[in-house]
Amino acid sequence: ALKRVVAHDPGNKEAWSTLGWLYSQRRDNSNAALALERAVALDPGDYAKHFNLGFLYHEMGRGGAAIARFDETLRLKPSEDRALYGRGLQRAGSAVAGLALAEQDATTRAGSSSAGDPWADREARALTALTAANEAIAALGRAVPGEKTMLDALVPAREAFGATVHAGGSLRDATARAAAA
């Protein structure tokens, strides 16, 4: 029905937005992105449309595009905590995901031996990335732990990650403990 609505009224920003949401629920991310991009183009001042597109981009692994939409959300509505969270999650997740892929690649190349592994300090790099993400989120949102912000979840995750790294745990173990914190 919504396809007929946008075919009949291609300027209907709410129909495009709803169609994008429906596509995303069906995991048809390509069509969801096209519909949400159209909704944003038709209504560039609606912070929620930018946020929804940013979240979809995050789900699609399009980090730079996700951050750009979260930044635009914050420009339009500086108090939108979900965009701060999405931006921090994207930045921290990108760093950890990249390091996890490097770990997998290095292990494959080295035949599960870490000798000569150029990523030998990957756990420390990931810890540095998580620490920087926490600090950036705190600075951007002017938040401190205990104020019922997302830092109340991120700080314990970073501490669990750090404790595992300092105990000699792998990136995989540290990530699992951070997620469970």
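This is a predicted model: local features need pLDDT of at least 70, side-chain atom pairs count only at pLDDT 80 or more; totals for chains, interfaces and linings use all residues.
Leaving aside its neighbours within four places in sequence, Trp-16 is in contact with Val-6, Pro-10, Ala-35, Leu-36, Arg-38, Ala-39 and Leu-42.

Now the chain as a whole. As for contacts with a separation of 6 or more, 42% of them in the protein chain are between residues 24 or more positions apart.

Helix α2 covers residues 13–25 and helix α3 covers residues 29–42; they pack at an angle of about 160°, and their axes are 7 Å apart. Angles over 145 degrees count as roughly antiparallel, which means that α2 is roughly antiparallel to α3. The crossing of these two, α2 and α3, is left-handed. On the α2 side, the contact is made by Lys-13, Trp-16, Ser-17, Leu-19, Gly-20, Trp-21, Tyr-23 and Ser-24. On the α3 side, the residues are Asn-29, Asn-31, Ala-32, Ala-35, Leu-36, Arg-38, Ala-39 and Leu-42. By type, the contact of α2 with α3 divides into nine nonpolar, five polar and two charged residues.

Next, α4 and α5. Helix α4, residues 47–60, packs with helix α5, residues 63–76, at an angle of about 160°, with the axes 8 Å apart. That makes α4 roughly antiparallel to α5. Here too I can give the handedness: α4 passes α5 in a left-handed crossing. Among the residues making the contact are Tyr-47, Phe-51 and Phe-55 of α4, and Ala-66, Phe-70 and Leu-76 of α5. The residues of the contact of α4 with α5 are nine nonpolar, four polar and two charged.

Which residues touch the most other members of the largest nonpolar core? They are Trp-16 and Leu-19, in a core of 20 residues. The largest share is that of α3, with six residues.

There is also a second, separate core. This one has nine residues, including Leu-127, Ala-157, Val-165 and Ala-178.

To finish where I began: Trp-16 is one of the residues of α2 in the contact with α3, and Trp-16 is also, with Leu-19, a residue that touches the most other members of the largest nonpolar core.

Definitions and conventions
Residues are numbered from 1 along each chain as its sequence is written. Side-chain values use heavy atoms; hydrogens and water are left out. Axes are lines fitted to C-alpha atoms, for helices over the stretch in contact, and angles run from 0 to 180 degrees between N-to-C directions. Helices (H or I, at least four residues) and strands (E, at least two) are DSSP runs, numbered from the N terminus. Angles under 35 degrees count as roughly parallel, over 145 as roughly antiparallel, 65 to 115 as roughly perpendicular and the rest as oblique. A crossing is left-handed if the near helix is turned anticlockwise from the far one by less than a right angle, and right-handed if clockwise. Contact means heavy atoms within 4.5 Å. Ala, Val, Leu, Ile, Met, Phe, Trp, Tyr, Cys and Pro count as nonpolar, Asp, Glu, Lys and Arg as charged, and the others, Gly among them, as polar. A nonpolar core is a set of buried Ala, Val, Leu, Ile, Met, Phe, Trp, Tyr and Cys residues joined through side-chain atoms within 4.5 Å. Buried means under 20% relative accessible area, exposed over 50%, partly exposed in between (1.4 Å probe, protein chains only).
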